[in-house]
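Welcome! Please keep the structure open while you read.

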Amino acid sequence: MASRKQLEIHAGDHAPQKWCISLGEEVFRRFLSQGSPALHKVFNEGSLFSPLLFGKFFDPSDAFPLWEFESDVLLSNLRSSGQSTVDWVQTDQEYVLKAELPGVGNNVQVFVEKGKVVEVSGQWKQQQRESKTKDWRSGQWWEYGYVRRLELPEDADWRRMEAYVNNDLLLEIRIPKNLLDGDPSQGNDVASKDSEVGVN
């Protein structure tokens with residue numbers, strides 16, 4: 001039986017320095033060479049959370065302007081090889097992101113920072129030792145969790161954004177477009193939500 005759980009979207013980031021250690025390409029390759037199946041599931045080339053998703057190395061803790069690119073172009077090789085576990089599309093009414101989660105669907109968090117960046121993160125492994133810091137993301141975060149930070153388009157109405165986890169496996173984020181004239185940061189709290197469009 002299919003299950004669909006709505007996620008709480010946290011507005012504002014109370015720990016702006018939490019991604020204080022970046023993930024360099026050589027560090028990532030050394031880390032991935034450990035050969036753990038869990039690592040490959042989380043950071044597989046076709047995963048939204050892989051630094052290599054877009055053909056060149058890109059630290060997932062940096063914001064990426066995903067919707068400026070056509071998914072058909074960026075993911076064509078991965079789709080043809082059956083490796084792609086992510087898709088995104090733009091319609092007249094909204095932006096839609098669908099991505100397979102790395103086996104930790106109940107642990108995913110969605111933040112919106114200053115109405116400009118949406119951050120998807122989760123912990124895939126518990127820390128083995130006591131840390132001086134309370135937040136796993138302030139250390140070598142890739143050893144314990146995953147993240148992807150995405151720049152929101154100018155016309156994104158982040159106040160009406162919705163996020164779901166389907167079957168504890170598939171993340172779905174829907175970001176309506178601000179269809180009103182004027183300042184996009186004002187949002188459209190009274191707009192109808194009847195304009196949802198499905199994605200295959």
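## A charge and a ring

Over the ring of which residue does the charged end of Lys177 sit? The ring belongs to Tyr95, and the charged end of Lys177 is 5.0 Å from its centre. A charge counts as sitting over a ring if NZ of Lys or CZ of Arg is within 6 Å of the ring centre and within 35 degrees of the ring normal.

Before we go on, two notes on the model. It is a predicted one, in which local features need pLDDT of at least 70 and side-chain atom pairs count only at pLDDT 80 or more, while totals for chains, interfaces and linings use all residues. Residues are numbered from 1 along each chain as its sequence is written, and side-chain values use heavy atoms, with hydrogens and water left out.

Let us turn to an open sheet of five strands, which follow the order 1-9-10-5-4 with antiparallel pairing. Helices (H or I, at least four residues) and strands (E, at least two) are DSSP runs numbered from the N terminus, and two strands pair if DSSP finds at least two bridges between them. At the edges are strand 1 (4–7) and strand 4 (86–90), each pairing on one side only.

Strand 9 (residues 162–166) pairs with strand 1 over four antiparallel bridges; here Leu7 has Ala163 as its bridge partner, and Gln6 stands opposite Tyr164. Strand 9 is also joined to strand 10 (residues 170–176) by five bridges, again antiparallel, with Tyr164 opposite Glu172. Three residues lie between the strands of this hairpin, and Asn167 takes a positive phi near 55 degrees.

## Inside strand 9

How many of the five residues of strand 9 are buried? Five of the five are, where buried means under 20% relative accessible area, exposed over 50%, and partly exposed in between (1.4 Å probe, protein chains only). Glu162, Tyr164 and Asn166 point one way, whereas Ala163 and Val165 point the other way.

Glu113 counts as buried because its relative accessibility is 14%. The side chain of Glu113 makes a polar contact of 2.6 Å with that of Arg149. Such a contact is a pair of N or O atoms within 3.5 Å; within protein, one must be able to donate a hydrogen and the other to accept it, and residues adjacent in sequence count only if both atoms are side-chain atoms.

Strand 6 pairs in the parallel sense with strand 2 (residues 9–11) over three bridges, and Ala11 has Val112 as its bridge partner. Five bridges join strand 6 to strand 7 (residues 117–123), and these two run antiparallel. They form a hairpin with three residues between them, where Lys114 in the turn has a positive phi of about 55 degrees.

## Aromatic rings

The whole structure holds eight aromatic pairs. Rings of Phe, Tyr and Trp (its six-membered ring) pair if their centres lie within 6.5 Å; planes under 30 degrees apart count as stacked, over 60 as edge-to-face and the rest as tilted. One of the pairs is the edge-to-face pair of Phe28 and Phe43, at 5.8 Å centre to centre and 80 degrees between the planes. Phe28 lies in helix 1 (residues 25–32) and Phe43 in helix 2 (residues 37–43), so this pair ties together parts that are 15 residues apart in sequence.

Phe31 and Phe43 also pair edge-to-face, at 5.9 Å and 75 degrees. Both Phe31 and Phe43 are buried. Together, Phe28, Phe31, Phe43 and Phe57 form one aromatic cluster.
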